[in-house]
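Hi,

Here's the structure I promised you. Have a look, and then read on for what turned up in it.

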Amino acid sequence: MYDYLIVGSGLYGATCAYELKKRGKKVLVIEKREHIGGNIYTEKMHGIQVHRYGAHIFHTNSKELWDYINQFADFNRYTNSPTANYRGKIYNLPFNMNTFYQLWGTSTPQQAMAKITEQRAEIGDRKPKNLEEQAISLVGRDIYEILIKGYTEKQWGRPASELPAFIIKRLPVRFTYDNNYFNDRFQGIPIGGYTQIVEKMLDGIEVRLNTDYFAERSDHNALAKKVIYSGAIDRYFDYRYGKLEYRSLRFENEVVDTPNIQGNAVVNYTDKEVPYTRIIEHKHFDPVESSRSVITREYPVEWQDGMEPYYPVNNEQNNALYRRYRELSKAEEKVFFGGRLAEYRYYDMHQVIASALKDLQSML
Ligand SMILES: Cc1cc2nc3c(=O)[nH]c(=O)nc-3n(C[C@H](O)[C@H](O)[C@H](O)COP(=O)(O)OP(=O)(O)OC[C@H]3O[C@@H](n4cnc5c(N)ncnc54)[C@H](O)[C@@H]3O)c2cc1C
């Protein structure tokens, strides 16, 4: 008999497992994939750490969470500075003085501000009706047309004029020559990949891979006094009220016979004509000497059954559906629900760790 059965070996499940073991609890982790780590899983290809489920950059403002993750790996000083490729021309991101220079030749903050103010006037004080108008009202038409429109339309699979305005709440604009994407105090990539972090968290804990909780649900439940469930909440309740919607991604890997093909880890393709949204060149996250490089093209796709559910679509309808499942979950006495799938929300890595540490108080 185990004290806890943990369903899912992603960062949520692994943090719970690590903390519970530290408190002397007997824990079993089951994982339906053939590997641990959930979406932060990295694997070595040609000596390069490849992020199998999309590029992951750890960043946080919390010293406590930064120290916490650094127990499990050494982090490098990687700074996320993506670039955008629009019809062959390169622009810096996030929108900053470099970008404004590339767009308009402006060299002072005053010149750039004047340009943006002039272009925002197109919408004026009118309430934006859709994402297109919202973006123009925030940053003006040039930035919208060149750096936002195509990318967003590919991401959501529909015209920006048909997307709700709330998707873009704000668009950070920086009037300094600073290409650092995040404002957080701490960021980096674990040297040697993310998988080692989860391996260390699960050290000394029994883990059963290729094991789906639902394959033998009652047998699994009988194994432990309490269950921590980090899978999809609608699946747990057999989709009783219907299915929650997600956006998915298709990743296309390529090994190229050159040591450095794009000079940056992340290049966004912001025109509509290129079918993918970005190309990741993994070796720039965690640099290694090698004559080859591994790149991944990311294609957003509409989620269907059997696909990986990557991004929750948190519109009113799905959120209302989630709340109904959440109500049901409260009646499950020995089961705790947590993590991005069970809570139907997008969590960054530092947030999912914080959430697990907080939830732990009620699990003990
Ligand atoms: C494309 C992409 C890019 C991202 N980039 C970043 C980034 O740059 N920085 C950042 O901080 N965060 C990033 N994230 C977020 C990060 O991936 C999450 O914070 C983290 O993975 C959440 O961990 P989790 O344990 O909640 O979920 P998951 O990692 O999904 O783990 C859940 C696990 O449960 C398993 N499971 C589910 N159902 C069952 C079942 N029935 N039986 C057994 N096992 C089951 C799954 O197989 C999975 O391994 C990104 C996410 C995506 C999708």
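First things first: into which domains is the chain divided? Keep in mind that this is a predicted model. Domain 1 is pieced together from 2-78, 186-245 and 312-363, while domain 2 covers 94-168 and domain 3 covers 246-302. Taken over C-alpha atoms, the centres of domain 1 and domain 2 are 36 Å apart.

Now the ligand. It has 32 residues around it, and the closest are E31, H56, R340, Y347 and M349. If you sort that shell by type, you get 17 nonpolar residues, nine polar and six charged. Two helices, α1 (11-22) and α11 (349-363), each put at least two residues into the shell.

- R340: a polar atom of the side chain sits 2.7 Å from a ligand oxygen.
- N39: a polar backbone atom is 2.9 Å from an oxygen of the ligand.
- Y213: a backbone N or O atom is 3.1 Å from a nitrogen of the ligand.

Start with N76, which you'll find in the loop between α2 (63-70) and β6 (83-86). N76 counts as buried because its relative accessibility is 16%, and the cut-off for buried is under 20%. Its side chain reaches the backbone oxygen of F285 at 2.8 Å. Setting aside residues up to four places away in sequence, N76 touches Q187, G188, I189, I191, F285, D286 and P287.

Then there's Y344, in the loop between β16 (335-337) and α11. With a relative accessibility of 2%, Y344 is classed as buried too. A polar atom of the Y344 side chain lies 2.4 Å from the backbone oxygen of E245. E245 is also one of the residues Y344 contacts once neighbours within four places in sequence are left out; the others are L244, Y246, P312, V313, N314, N318, N319 and Y322.

Cheers

Technical notes. Residues are numbered from 1 along each chain as its sequence is written. This is a predicted model: local features need pLDDT of at least 70, side-chain atom pairs count only at pLDDT 80 or more; totals for chains, interfaces and linings use all residues. Side-chain values use heavy atoms; hydrogens and water are left out. A residue is near a molecule or strand if one of its heavy atoms lies within 4 Å of it. A polar contact is a pair of N or O atoms within 3.5 Å; within protein, one must be able to donate a hydrogen and the other to accept it, and residues adjacent in sequence count only if both atoms are side-chain atoms. Helices (H or I, at least four residues) and strands (E, at least two) are DSSP runs, numbered from the N terminus. Ala, Val, Leu, Ile, Met, Phe, Trp, Tyr, Cys and Pro count as nonpolar, Asp, Glu, Lys and Arg as charged, and the others, Gly among them, as polar. Buried means under 20% relative accessible area, exposed over 50%, partly exposed in between (1.4 Å probe, protein chains only). Contact means heavy atoms within 4.5 Å. Domain bounds come from an automatic or database domain assignment.
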